[in-house]
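I opened the model this morning and kept notes as I went. Here is what I looked up, entry by entry.

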Amino acid sequence: MPSPGDIEMEFGVTIPGQILPEAEWARTAIKRLPPPGPLDWSAIFGRSAPTILELGCGNGRYTLLSALARPEANHIATDILPVVIRYATRRANQRGLHNVRFAVRDAQTFMASYVSEASLAEVHLYHPQPYHNPRQAHLRLVTPRFLADVHRGLQPGGLFVIQTDNPDYWAYFEKVIPVFFDFEEQVGPWPDAPAGRSRREILARGRGLRIFRGTGRRRDDITRDTALALAETLPAPRFKSRGPWCDLDAWEEGRPS
């Protein structure tokens with residue numbers, strides 16, 4: 001069992017924060033979401049503050065990092081896998097992060113059905129699953145409709161952050177994301193996490209894979225209706241994916257977080 005003051009490591013990289021005495025632990029799990037409908041962040045966190053959402057958070061490395069660095073902001077993070085949310089929740093609890101909440105829900109449903117209009121300061125998405133099998137291409141998260149939902153959920157000028165090690169997915173991002181966001185590539189590692197913001201990034205870089213990073217500011221000249229109409233005109237992500245990143249995806253399946 002970890003002890004107060006312990007620093008945890010993962011693949012040779014420190015997990016943000018240190019373990020506190022149990023009396024200082026937080027409770028960060030949303031054990032059961034209500035039926036689909038806009039969530040009230042002020043009610044969930046007990047305060048009004050800028051709210052940052054991470055979708056597909058895995059074991060929570062980025063959310064921990066951001067919540068520690070920005071205690072003035074609320075952080076909500078989701079993943080479809082209960083096992084990784086258990087890891088993330090435990091780590092956030094042990095670090096006393098009262099400005100964090102974790103929930104089990106797929107990113108598409110959460111973004112479309114639980115996020116109210118213009119309620120988020122930032123949305124972060126690190127390494128969405130590219131689904132290499134062509135028969136599963138329809139499961140890819142980043143579609144024009146998903147981007148329209150992110151646009152709707154962000155406040156004016158809100159920030160969308162996305163990252164992948166899959167060049168085929170990145171090529172698709174570069175085509176469709178600028179329709180909804182003023183999008184630019186982040187060249188080089190993130191300054192706040194030079195070794196990696198996510199577990200997947202650490203693994204990919206360890207295998208010599210290139211990481212593609214981008215940030216986009218919400219285009220405020222586009223209305224909700226316009227964004228939905230534009231989404232109908234854009235191509236779905238039906239690219240073919242092949243390369244060493246496929247091997248890493250296969251290796252990660254079934255691995256603990």
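**Entry 1**

I started with glutamine 94, which counts as buried because its relative accessibility is 4%; buried means under 20% relative accessible area, exposed over 50%, and partly exposed in between, with a 1.4 Å probe and protein chains only. Before going on, I noted that this is a predicted model, where local features need pLDDT of at least 70, side-chain atom pairs count only at pLDDT 80 or more, and totals for chains, interfaces and linings use all residues. Residues are numbered from 1 along each chain as its sequence is written, and side-chain values use heavy atoms, with hydrogens and water left out.

Glutamine 94 is found in helix α3. I take helices (H or I, at least four residues) and strands (E, at least two) as DSSP runs, numbered from the N terminus. Helix α3 covers residues 82–94. I checked its span: 13 residues reach 18 Å from the first C-alpha to the last, close to the 18 Å expected at 1.5 Å a residue. That expected span is 1.5 Å times one less than the number of residues.

Which residues of α3 are buried? I listed Val84, Ile85, Ala88, Thr89, Arg91, Ala92, Asn93 and Gln94. An α-helix has 3.6 residues a turn, so residues three or four places apart point the same way. The cover over the buried residues of α3 includes α2, β4 and β5, where contact means heavy atoms within 4.5 Å. After α3 comes glycine 96, with a positive phi near 65 degrees.

**Entry 1: strand β4**

Then I looked at the pairing, which needs at least two DSSP bridges between two strands. Strand β3 (residues 51–55) pairs with β4 in the parallel sense over five bridges, and leucine 55 has threonine 78 as its bridge partner in β4. Strand β5 (residues 100–104) also runs parallel to β4, joined by five bridges. Threonine 78 turns up again there, opposite alanine 103 in β5. From β4 the chain crosses through α3 to β5, and this β-α-β crossover is right-handed. By right-handed I mean that, with the strands pointing away from the viewer, the path from the first strand over the helix to the second runs clockwise.

β3, helix α2 (residues 61–69) and β4 make a right-handed β-α-β unit too. I found α2 mostly covered, with seven of its nine residues buried: Arg61, Tyr62, Thr63, Leu64, Leu65, Ser66 and Ala67.

I moved on to strand β6 (residues 120–126), where seven of the seven residues are buried. Four bridges join β6 to β3 in the parallel sense, and glutamate 54 has histidine 124 as its bridge partner in β6. Six bridges join β6 to strand β7 (residues 154–164), again parallel, with tyrosine 126 partnered by glutamine 163 in β7. β6, α5 and β7 make a right-handed β-α-β unit.

Helix α5 (residues 144–153) holds aspartate 149. Is aspartate 149 buried or exposed? Its relative accessibility is 5%, so aspartate 149 counts as buried. Leaving aside neighbours within four places in sequence, aspartate 149 is in contact with Met111, Ala112 and Arg224.

**Entry 2: the whole chain**

I count nine helices and nine strands. A compact globule of 257 residues would have a radius of gyration near 18 Å, and the protein agrees at 18 Å; the radius is taken over C-alpha atoms, and the globule rule is 2.2 Å times the number of residues to the power 0.38. The C-alpha trace spans about 55 × 40 × 35 Å along its principal axes. Of the 257 residues, 52% count as buried. Among contacts between residues at least 6 apart in sequence, 81% join residues at least 24 apart.
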